[in-house]
Amino acid sequence: MKKILKNTMKTVFAAALFSALFLSCAASGGKPISLLEQGNFAAGGIVAANSGEFDPDNVFGSFSGQTIHADFASVFYQIPENHKKNSIVFLHRNGQSSRCWGTTPDGREGFQSIFLRDGYSVYLVDQPRRGQASQSSVPVTVNPDFTDQMRFEQFRLGLWPNLYERTAFPKDKKSLDNFYNLMTPSIGSVPLESTLKAFDEVFDRAGNSVFFTHSAGGNIGWRSAIRNENVKAIVALEPGSFVFPESDAPKAIENLYVNFPTMTVSDDDFEKLTKIPIVVYFGDNIPDAHSVHPGEDFWYAVKTTAYKFAEIANSRGGDVTIVDLPKTGIYGNTHFLFSDLNNGQIANHIENWLKEKGLDE
């Protein structure tokens with residue numbers, strides 16, 4: 001009798017476990033994720049030494065002569081079984097960390113799980129002095145950043161306090177609070193070369209990769225692709241800036257938010273960007289002309305610059321596609337199109353592009 005009861009309990013437990021897994025998969029909209037490997041590593045960084053002489057008898061009372069490991073990037077990675085030959089490396093924008101790729105403000109799956117479930121190895125990077133890579137080699141002061149309302153308008157959720165009528169951002173207060181809780185302070189700035197060296201190590205570790213960049217991360221994307229042959233394609237989600245060849249650099253478009261100067265690279269370096277497929281995505285509520293609202297005016301300038309970037313690159317044999325989502329019939333996306341309510345639709349659009357370019361094998 002005890003044996004029968006024991007076997008019955010095993011059966012009930014197994015059924016309950018299967019049911020839980022099934023419901024979990026159903027809730028996420030996909031099959032279970034089976035991982036071959038996952039972990040963390042640091043990339044780049046320096047070892048700096050404090051002045052003075054180290055005193056082994058006073059290690060707690062004096063910092064003299066002691067060292068610090070700092071200014072590295074922090075990377076979390078997951079490699080699924082039967083993974084595709086190209087990995088995906090995700091880079092966040094200014095003011096956030098890699099956490100933004102993991103979930104959405106309303107708690108759904110983010111791009112991390114969506115693309116992992118589709119067979120891509122994923123590498124989520126916190127760039128130096130951000131998030132889990134916040135160890136700095138120089139003194140910094142982090143002040144409170146009272147910018148919620150500015151971010152609301154700059155990231156095109158709406159015009160404070162009202163969301164745009166046509167928005168793919170969730171309309172409940174909890175989701176808005178979760179959105180703001182994704183913000184991360186910058187622990188000082190890091191020299192561009194130091195950041196690029198860190199990403200060289202990331203791509204050396206990840207191998208052949210598609211580089212997903214967002215906003216201010218776009219600049220790292222262009223420059224990493226120029227210097228590292230493991231960057232096989234770029235998916236730039238509303239990049240805040242572009243690089244142009246020195247011989248053909250357009251004048252920067254002035255706007256009411258931030259006027260970035262035109263960034264240039266040598267013609268030979270720009271040529272390297274014409275050797276890989278690049279797709280640039282823009283969401284909704286970007287005007288077709290200058291706006292009196294600084295946030296909207298900025299994105300008008302950026303999108304206009306993006307088309308100039310594509311024109312110049314493609315005239316030199318490049319493969320740059322600009323996707324203006326409203327023109328494809330996909331409406332309402334904010335600056336965070338990878339975590340909006342229709343992020344699954346956006347991911348599917350990107351996956352079709354990856355397939356078209358032969359990057360999904």
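Mentor: Residues are numbered from 1 along each chain as its sequence is written. In this predicted model, local features need pLDDT of at least 70 and side-chain atom pairs pLDDT 80 or more, while totals for chains, interfaces and linings use all residues.

Trainee: What makes a space a pocket and not a cavity?

Mentor: On a 1 Å grid over the protein atoms alone, a 1.4 Å probe fits in a cavity but cannot get out, whereas a pocket is an open set with protein on both sides within 12 Å along at least five of seven lines. The largest pocket here has a volume of about 1000 Å³, meaning the space filled by probe spheres set on the points.

Trainee: Why is the crossing of α5 and α6 called right-handed?

Mentor: The axes, lines fitted to C-alpha atoms over the stretch in contact, come within 10 Å and cross at roughly 60 degrees. Right-handed means the near helix is turned clockwise from the far one by less than a right angle, so the crossing of α5 and α6 counts as right-handed.

Trainee: What makes α6 mostly covered?

Mentor: Buried means under 20% relative accessible area (1.4 Å probe, protein chains only), and nine of the ten residues of α6 are buried. Among them are Trp222 and Arg223.

How values were computed:
Heavy atoms only, no water. 1 Å grid on protein atoms, 1.4 Å probe; cavity = no way out; pocket = protein on both sides within 12 Å on 5 of 7 lines; lining within 4 Å. Axes fitted to C-alpha atoms, helices over the stretch in contact; angles between N-to-C directions. Helix = DSSP H or I, 4+ residues; strand = E, 2+ residues; numbered from the N terminus. Buried < 20%, exposed > 50% of the residue type's maximum accessible area, 1.4 Å probe, protein only.
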